Amino acid sequence: MEHAREQGLWKRGVLWLLVLGPLFFASYGFANWFTGQRADVGSLVFAWEPQIPLWSWTIVPYWSIDLLYGLSFLLPACRREMDRHALRLLAAQVICVACFLLWPLRFTFERPPLDGTFGLMFDVLMGFDKPFNQAPSLHITLLVIIWAMFANHTRGLFWRGLLHLWMALIGISVLTTWQHHFIDVPTGALAGFVCLWLLPLQSDTPLKQMRLSSDPRRWRLALRYGLGATLCAVLAAKLGGAWLWLFWPAVALAMVALNYLLFGAGGFRKQADGRFSPAATVLLAPYLLGAWINSRLWTYRRPKPSQVAEGIYLGRLPAPHDLEGFAGLVDLCAELPLQRTPPAYCSLPSLDLVAPDALTCLRAAEAIEHLRHHGPLLVCCALGYSRSATAVAAWLLHSGRCQSVDAAVALIRQARPQVVLGPQHLAALQSMIDAQAGLEVAHAG
């Protein structure tokens with residue numbers, strides 16, 4: 001359901017354009033000038049790239065991004081959306097120009113003289129666009145951000161299809177106008193998706209959730225993922241060629257490490273409907289594939305949920321066909337998206353291999369108690385062995401079905417022997433009980 005559009009937003013959009021326009025030309029021009037003075041500017045070109053054709057007509061979609069850049073400020077429906085869009089474009093400028101200054105690359109193809117209108121458009125372009133600033137392609141980075149904004153406000157199958165076709169043509173044009181080498185395209189897309197992830201239009205930015213963890217277990221897990229990211233990055237840099245794609249899992253693992261260290265479960269950007277944001281999906285794709293395979297390998301011998309109490313089941317994150325017969329789902333998995341949600345759904349993302357805290361236990365218990373009235377309820381995490389088992393134990397205690405942590409854990413292990421509940425999980429459950437007891441005493445007083 002769309003919200004009513006705030007009045008007078010066009011003035012705010014004009015103000016942002018007056019700030020971003022001069023900044024764009026000033027910073028881009030400075031990077032061009034500075035890099036042009038250097039003698040150590042290299043290039044990264046794959047052997048197959050000379051086969052890319054020069055299509056002079058694609059200068060039209062290439063240039064069109066400038067028009068779309070300005071028009072994109074007419075689309076936001078509220079100040080927050082306007083400001084986040086502008087900040088995304090600003091972040092793109094900062095990231096790309098910083099990369100141009102730190103790791104400059106040069107475009108190496110010599111474009112032949114071109115006549116007519118298309119030739120004139122190339123001449124105007126080369127008046128300020130020099131062949132020094134390549135990866136990440138600022139053109140592609142801006143395209144990702146502008147594409148996302150237009151996609152949010154374009155309705156109808158025909159218009160959405162036309163939009164995606166034209167945006168894809170802009171993306172291709174950076175190659176067919178001989179403005180960029182291939183390496184600039186995926187790196188530019190990466191920078192664009194980082195901007196989308198960093199500055200979501202609706203929810204809080206991960207920077208607002210940033211807290212340095214004091215949990216030694218989270219530090220150890222962050223170190224492991226950080227080492228994996230470093231290994232992938234070193235292999236990509238040393239081996240080159242197709243191995244450069246290892247930078248993608250390097251980025252994904254680095255982001256997971258930062259989630260454990262700084263951002264928490266919110267860094268995965270799991271939404272209220274159980275899905276990931278498009279930016280998080282793209283950035284984390286290699287990790288998501290590995291995490292999904294891992295969850296299936298650990299549970300392939302016992303894929304079905306286990307009934308703990310009447311109407312309450314404990315299991316792994318379900319595939320769409322696994323939801324047959326369930327009216328509700330309480331989901332504690334932060335690192336994997338849900339493909340389909342049942343009518344009654346509650347997402348309480350928690351980090352893998354880290355015990356949920358007492359507050360999360362209480363929220364999970366309340367969610368289970370509320371949703372179980374809709375019908376059979378599945379409580380899940382990636383495997384259905386720890387986080388979700390802690391949540392069910394919390395519900396057993398909160399509802400009075402069990403009088404102690406040991407009794408709740410024993411009941412769950414009887415139903416699902418594979419559960420892994422360590423001292424941290426038991427301590428979180430006991431803290432929840434103690435907090436409830438304290439509240440009852442305070443109310444009685």
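These questions and answers set values from a predicted model against their definitions.

Residues are numbered from 1 along each chain as its sequence is written. Local features need pLDDT of at least 70, side-chain atom pairs count only at pLDDT 80 or more, and totals for chains, interfaces and linings use all residues, while side-chain values use heavy atoms, with hydrogens and water left out.

Q: What makes up the secondary structure of the protein chain?
A: The protein chain has 14 helices and 5 strands. Helices (H or I, at least four residues) and strands (E, at least two) are DSSP runs, numbered from the N terminus.

Q: Why is Glu81 called buried?
A: Buried means under 20% relative accessible area, exposed over 50%, and partly exposed in between (1.4 Å probe, protein chains only). Glu81 has 5% relative accessibility, so Glu81 counts as buried. Glu81 sits in helix α3.

Q: What does Glu81 touch, not counting residues up to four places away in sequence?
A: Glu81 touches Pro76, Met149, His153 and Leu201. Contact means heavy atoms within 4.5 Å.

Q: How do you know that the span of helix α7 agrees with its number of residues?
A: The expected span of a helix is 1.5 Å times one less than its number of residues. Helix α7 (residues 184-198) has 15 residues, so its span should be 21 Å. Its end C-alpha atoms are 21 Å apart, which agrees.

Q: Which residues of α7 are buried, and what covers them?
A: Asp184, Gly188, Ala191, Gly192, Phe193, Cys195, Leu196 and Trp197 are buried. Their cover includes α3 (79-102), α5 (138-152), α9 (247-263) and α10 (278-299).

Q: How many aromatic pairs does the structure hold?
A: The structure holds 20 aromatic pairs.

Q: Why is the pair of Phe182 and Trp245 called edge-to-face?
A: Rings of Phe, Tyr and Trp (its six-membered ring) pair if their centres lie within 6.5 Å; planes under 30 degrees apart count as stacked, over 60 as edge-to-face and the rest as tilted. Phe182 and Trp245 are 6.4 Å apart centre to centre, with 65 degrees between the planes, and the pair is edge-to-face.

Q: What does the pair of Phe182 and Trp245 tie together?
A: Phe182 lies in the loop between α6 (157-176) and α7, and Trp245 in the loop between α8 (216-239) and α9, so the pair ties together parts that are 63 residues apart in sequence.

Q: What makes Phe182 and Trp245 partly exposed?
A: Their relative accessible areas do: 22% for Phe182 and 48% for Trp245.
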